[in-house]
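Me: I've got a model open and I'd like to learn how to read it. Can you walk me through some features, general idea before specific case?

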Amino acid sequence: MNKRWSKEVRALLQKKKRKETQQFIVEGYKNLEELFRSDLEIEALFHTEKLLPLLDQYKFNSKVIDDTTTPTLLKQNGHLQTNDTGLAVVKMPSFSIPSVDDLDSFSIALDDVRDPGNLGTILRIADWYGIKNLFLSKQCTDAFAPKVIASSMGAFTRIKFHTVDLVEQLSEYKEKGIQIIGADMNGENIHDFKPKGKSIMVMGSESHGISDEIHKILSTKITIPKYGGAESLNVAIATAIICDNIKRV
């Protein structure tokens, strides 16, 4: 990894540079393995000898910059504190907003979820339950931030991100018959709930829940029953519980 690439990789740790270049970084063996299996476009790859057995299984476009490096340089230029395998510079995918017909039976929308670890975990949860589309309000953390990608454990290669005006988009879907469900302390018990047709589940921010604007367009509200003394649930944990209940119906 020469000085020019070191500078460019470090710059991609910042949201502004990712947006400007439409590139992001992928680090570590597991996420690189998932990346290689996907259709995402790799623009540069820097790796140690530990990644060679994996590289032997895949053929890359001849335009991909492929260079060996050291764990020290990977740590200095990337996000992970321990990375002895590799780092890739990847072109951001672009997804069109799905029509009502293209939507699966169940999708997730996030309203102002700002913790990258939570977002990455929610991606992993969505991937586990076969959920293909994730709608993000413009106030959400950047879906291509290094911590999001790292904590998604490869789910970023299979989930379609849609950063939208969430009020406008959900209102449009509701008008076309999509049920908009909100996670709320005063909602119906999730254990007794059955979605009506295609639906989108809205999860609110870690600190404030669903915004007032989104509340006004909800079709219905659901809640996870509380049995103990905890004040609230982590948004990623709550998402997992709701997905499990919805998918078993």
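Predicted model: local features only at pLDDT ≥ 70, side-chain atom pairs only at ≥ 80, totals over all residues.

Me: OK, which strand here is largely enclosed by the rest of the structure?

Reply: Strand E5, residues 106–110. Of its 5 residues, 5 are buried, so E5 is largely enclosed by the rest of the structure.

Me: Which strands does E5 pair with, and in what sense?

Reply: Strand E9 (residues 199–203) pairs with E5 in the parallel sense over 5 bridges, with Ile200 as the bridge partner of Ser107. Strand E6 also pairs with E5 in the parallel sense, over 3 bridges. There, Leu134 is the bridge partner of Ile108.

Me: What about helices? How far does helix H6 reach?

Reply: Compare the span with what the residue count predicts. Helix H6 (residues 116–128) has 13 residues and reaches 18 Å from first C-alpha to last, close to the 18 Å expected at 1.5 Å a residue. Its buried residues include Gly117, Leu119, Ile122, Leu123 and Ile125. Among the elements covering the buried residues of H6 are E5, E6 and helix H10.

Me: And the core? What's the idea there?

Reply: In soluble globular proteins, nonpolar side chains tend to be buried together. Here the largest nonpolar core has 50 residues, and those with the most contacts inside it are Phe24, Leu35, Phe36, Leu110 and Leu134. Helix H10 (residues 235–248) supplies the largest share of this core, 6 residues. Apart from that core lies another, of 16 residues, including Ile178, Val202, Ile210 and Leu218.

Me: Beyond its neighbours within four places in sequence, what is Leu35 in contact with?

Reply: Val26, Leu40, Ile42, Ala88, Val90, Phe156 and Thr157.

Me: Last one: how do I describe aromatic rings that sit together?

Reply: A pair of aromatic rings is described by the distance of the centres and the angle of the planes. The count in this model is 6 aromatic pairs. Phe24 and Phe156 form an edge-to-face pair, 6.1 Å centre to centre with 85° between the planes. Phe24 lies in strand E1 and Phe156 in the loop between helix H7 and strand E7, so the pair ties together parts that are 132 residues apart in sequence. Both Phe24 and Phe156 are buried.

Me: What kind of pair do Phe135 and Tyr173 form?

Reply: Edge-to-face, at 5.6 Å centre to centre and 70° between the planes. Phe135 is in strand E6 and Tyr173 in helix H8, so this pair ties together parts that are 38 residues apart in sequence. Phe135 and Tyr173 are buried too. Finally, look for the cluster of Phe24, Phe144, Phe156 and Phe161, which are linked by ring pairs.

Technical notes: Residues numbered from 1 in each chain as written. Heavy atoms only, no water. Phe/Tyr/Trp six-rings, centres within 6.5 Å; stacked < 30°, edge-to-face > 60°. Helix = DSSP H or I, 4+ residues; strand = E, 2+ residues; numbered from the N terminus. Buried < 20%, exposed > 50% of the residue type's maximum accessible area, 1.4 Å probe, protein only. Core = buried A, V, L, I, M, F, W, Y, C linked by side-chain atoms within 4.5 Å. Contact = heavy atoms within 4.5 Å. Expected span 1.5 Å × (residues − 1). Pairing = 2+ DSSP bridges.
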